[in-house]
Number of protein chains: 2
Amino acid sequence: MTSAIGIDLGGTNIKGGLVDQHGTIRERHEIPTRAERGSNAVIDDLAALVNHLRRSGPVDGIGLATPGPLDLRNGRIIRAANLPGWIDVPIRDALAAKTGLPVTLENDANAAAFGEFTAGAGRGCQHMTLFTLGTGVGAGVIIDGRVLHGHFDNAGELGHMIVAVGGEPCPCGQRGCLERYSSADAVARRACIPSLERKRQGPPLSAEEVASRAQQGDPICAKVWNDACLYLAVACVNVQHAYNSQRIILGGGMSQAGDFLLSSVRHHLADQAWRLHNDLPEICLAELGADAGLVGAAALLHAHRNKTEKPACSK
Amino acid sequence: MTSAIGIDLGGTNIKGGLVDQHGTIRERHEIPTRAERGSNAVIDDLAALVNHLRRSGPVDGIGLATPGPLDLRNGRIIRAANLPGWIDVPIRDALAAKTGLPVTLENDANAAAFGEFTAGAGRGCQHMTLFTLGTGVGAGVIIDGRVLHGHFDNAGELGHMIVAVGGEPCPCGQRGCLERYSSADAVARRACIPSLERKRQGPPLSAEEVASRAQQGDPICAKVWNDACLYLAVACVNVQHAYNSQRIILGGGMSQAGDFLLSSVRHHLADQAWRLHNDLPEICLAELGADAGLVGAAALLHAHRNKTEKPACSK
């Protein structure tokens with residue numbers, strides 16, 4: 001059984017795991033991201049994490065998931081919103097040099113999608129899309145069993161799909177992006193906008209609380225929740241026409257609402273989606289939670305070495 | 001120089017051509033589609049067209065573009081809106097049996113995209129999207145130099161991307177589909193809707209006339225044209241986030257407006273598109289016109305035989 005080390009570099013924590021070829025985490029370790037010390041120090045921390053994990057047995061290499069945008073061909077982080085000051089960091093080759101292991105680099109949302117594809121809710125299908133509904137809306141797309149990158153390596157940025165022309169402004173410069181309505185943060189924020197807030201007592205709500213109150217009949221929370229699921233259903237329709245995914249998987253904070261999220265989205269999907277073809281995707285919940293990124297990163301290292309993915313490896 | 005026969009089977013005409021490996025049409029022939037005589041008779045006509053074209057020299061096989069949806073694995077037309085009564089027609093193998101040549105089958109919009117990719121406005125890029133803005137809005141998507149099909153063979157049905165939630169009803173069962181606003185037919189129809197029509201004299205307008213009047217300052221035509229280009233720009237933004245195409249190519253009747261279409265779409269794109277990344281696609285006009293489908297079909301036969309495309313061949 002060959003294993004790889006999967007690493008998910010986030011703005012707060014670095015998650016590492018020794019992952020076998022079936023996507024099972026054999027050992028895991030988590031350390032804080034000391035982003036303020038700069039990229040070199042963090043890469044040292046990554047190398048120490050790798051050396052800690054590889055003591056358990058031989059590994060084929062390292063799969064590294066990071067925020068982006070990335071320059072995949074050259075293994076560089078172009079910049080990363082959660083890692084201030086990280087501009088054009090050649091992280092792939094730096095980590096390979098420090099560890100003597102081949103390193104595969106991937107965008108964190110894509111790695112999470114590949115994780116669900118390998119060992120989670122996407123098992124058994126060659127065409128799937130993962131939405132992670134958290135702070136924003138991240139997404140990763142699998143086409144014919146491979147991660148979709150596109151010409152500029154930014155394919156699958158579905159959180160910025162425009163679902164409401166002229167709608168809420170987004171920091172990205174557009175208006176009406178999906179993530180302005182359907183991320184966990186958007187749901188929490190929209191349940192507290194001043195015009196609505198007057199009618200409700202108490203502190204700001206989390207997305208989970210909004211879902212819970214919506215189920216109990218709170219009209220403001222029901223409206224906000226309904227909008228989130230309506231626009232998510234529109235996004236699913238558009239994903240279907242764009243990629244013809246067999247399965248669309250919902251993860252991130254919003255997916256804590258479980259069956260309530262699924263039933264709300266399916267309700268709107270039945271109402272919105274076309275009746276021409278019998279090609280509607282299955283809508284289901286993610287299974288790997290916060291481990292999806294490191295599992296997917298390790299699986300990508302294996303896939304690259306087996307040449308089922310394009311070689312974005314350092315060695 | 002090896003050649004292939006490319007055929008584009010439409011509801012009115014069948015276009016055939018002897019196409020070399022560079023996508024140049026060496027000889028062409030067009031016959032009416034006698035759809036009312038049933039699929040067997042039309043397949044006989046296709047075989048006769050092939051035999052006419054192959055007299056000019058040896059050919060590697062036939063690339064056949066047809067309306068869909070198709071079952072590509074089994075080479076069958078599931079049904080075709082323009083060919084009444086054609087249900088589950090095994091057209092690929094039937095034509096191969098009648099001609100003794102290998103046949104590659106492809107959806108007509110995908111074939112047109114592959115034609116532009118091979119020998120038209122998409123030359124030199126590996127990631128492109130073609131919109132054909134005609135009776136409806138067709139689309140074909142090239143990812144890494146290959147046609148995107150998806151799990152159900154219906155990927156890239158971008159005419160039914162929802163761009164206006166709760167908008168105009170579409171015969172597909174959805175509301176607010178792109179093709180309700182941005183097809184040539186939609187532009188012609190919307191310039192004549194009763195509430196607007198009262199203000200305008202004369203017979204119904206074509207999309208080209210609407211464009212022309214919009215340029216001359218006719219307020220109704222300007223509004224209809226502006227809507228078409230706004231929603232097309234939104235579709236381009238969403239295509240960009242979905243596929244990260246290097247180039248988005250506009251063809252079909254609407255593209256007769258040329259620079260006026262390009263400048264209108266680019267204007268809205270500059271207004272709508274995100275400012276986070278420098279990954280905006282080039283927007284340009286199709287080059288092959290009505291020949292794109294047959295050129296692309298022939299090119300797909302070559303690509304399948306060279307194994308740069310998945311083998312959807314009959315032999």
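Let me start with one residue pair. Gly17(A) has Arg28(A) as its bridge partner in strand 3 of chain A. Keep in mind that this is a predicted model.

That pair belongs to a longer run. Strand 2 of chain A, residues 13–20, is joined to strand 3 by 7 bridges, and the two strands run antiparallel.

Five strands of chain A make an open sheet, ordered 3-2-1-4-8, with mixed pairing. Which strands stand at the edges? Strand 3 (25–32) and strand 8 (103–107) of chain A do; each has a single partner strand, so one side of each has no neighbour in the sheet. On average, neighbouring strands are turned by 15° against each other, direction ignored.

Helix 10 of chain A, residues 292–305, packs on this sheet. The helix touches strands 1, 2, 3, 4 and 8 of chain A. Its direction makes about 135° with that of strand 1.

Next, domains. Chain A is assigned domain 1, 3–112 + 290–305, and domain 2, 124–286. Their C-alpha centres lie 27 Å apart. The contact takes 9 residues from domain 1 and 12 residues from domain 2. On the domain 1 side, helix 3 of chain A gives the most, with 3 residues. That side divides into 6 nonpolar, 1 polar and 2 charged residues.

Last, the chain contact. Here 37 residues of chain B are in contact with 37 residues of chain A. Which element of chain B gives the most to its side? Helix 8 of chain B, residues 219–243, with 6 residues. The chain B side holds 19 nonpolar, 15 polar and 3 charged residues.

Methods. Residues are numbered from 1 along each chain as its sequence is written. Chains are lettered from A and ligands numbered from 1 in the order in which they are written. This is a predicted model: local features need pLDDT of at least 70, side-chain atom pairs count only at pLDDT 80 or more; totals for chains, interfaces and linings use all residues. Two strands pair if DSSP finds at least two bridges between them. Helices (H or I, at least four residues) and strands (E, at least two) are DSSP runs, numbered from the N terminus. Axes are lines fitted to C-alpha atoms, for helices over the stretch in contact, and angles run from 0 to 180 degrees between N-to-C directions. Two residues are in contact if their C-beta atoms, placed from the backbone, lie within 7 Å. Ala, Val, Leu, Ile, Met, Phe, Trp, Tyr, Cys and Pro count as nonpolar, Asp, Glu, Lys and Arg as charged, and the others, Gly among them, as polar. Domain bounds come from an automatic or database domain assignment.
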